[in-house]
Amino acid sequence: MNTQEAFKGCLEICHTHAERLRWAMQTLTPLYPFTTEKLGSLSAVDLAVMDQFIVRFSKLQDAMGAKLLPGILELTKEQGALNTFIDKLNRLEKIGAIESAQGWLALREMRNQFAHDYPQDSEIQANLLTKAFDMAKQLLSILESAEKFAEGYL
């Protein structure tokens, strides 16, 4: 499989995650911003949609960070030592594939926050989910921008 085919395959996976993330966000919009009261009264279906939101945010961020963004560097044939992930992010920012390396790191940190469960503290949960909801819009925007950037190399 060549670089372009691998990139397109990763892009398809990202589109699937993005589509399901958008659906979860649309479904959860009436509950936004999230509060402890709203979280305490979620139906089983709302909880399932919330889980879908968290899983798809995490999977999209992970797929983009692990495959899609490095794939852009392969497509552009960027030269130089890019040994660390931050080196890759900085290069992606420099060539205009992403707006901000620091912004991407904030998205990765949010994904990592989902690994920590705070069942006893609904206020932390509500704040985390509200912040993640806002950041999900950024994540989807980065996907669109990265895809547009890569089109010139496909």
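Modeller: Phe85, Ile86, Leu89, Asn90 and Glu93 of helix 4 meet Ala101, Trp104, Leu105 and Arg108 of helix 5, where contact means heavy atoms within 4.5 Å. By class, these residues are six nonpolar, one polar and two charged; Ala, Val, Leu, Ile, Met, Phe, Trp, Tyr, Cys and Pro count as nonpolar, Asp, Glu, Lys and Arg as charged, and the others, Gly among them, as polar. Helix 4 (residues 85-95) packs against helix 5 (residues 101-113) at an angle of about 130°, with the axes 8 Å apart. The axes are lines fitted to C-alpha atoms, for helices over the stretch in contact, and angles run from 0 to 180 degrees between N-to-C directions. Helix 4 and helix 5 are therefore oblique to each other: angles under 35 degrees count as roughly parallel, over 145 as roughly antiparallel, 65 to 115 as roughly perpendicular and the rest as oblique. Helices are DSSP runs (H or I, at least four residues), numbered from the N terminus.

Helix 1 and helix 6 (residues 122-151) pack at about 150°, their axes 11 Å apart, which means that helix 1 is roughly antiparallel to helix 6. Their contact includes Phe7, Leu11 and Cys14 of helix 1 and Phe133, Ala136 and Lys137 of helix 6, and its residues comprise 13 nonpolar, one polar and four charged.

The model is predicted: local features need pLDDT of at least 70, side-chain atom pairs count only at pLDDT 80 or more, and totals for chains, interfaces and linings use all residues. Residues are numbered from 1 along each chain as its sequence is written, and side-chain values use heavy atoms, with hydrogens and water left out. The mean pLDDT (the predictor's confidence in each residue, from 0 to 100) is 94 for the protein, and 98% of the residues score at least 70.

Conventions:
Helix = DSSP H or I, 4+ residues; strand = E, 2+ residues; numbered from the N terminus.
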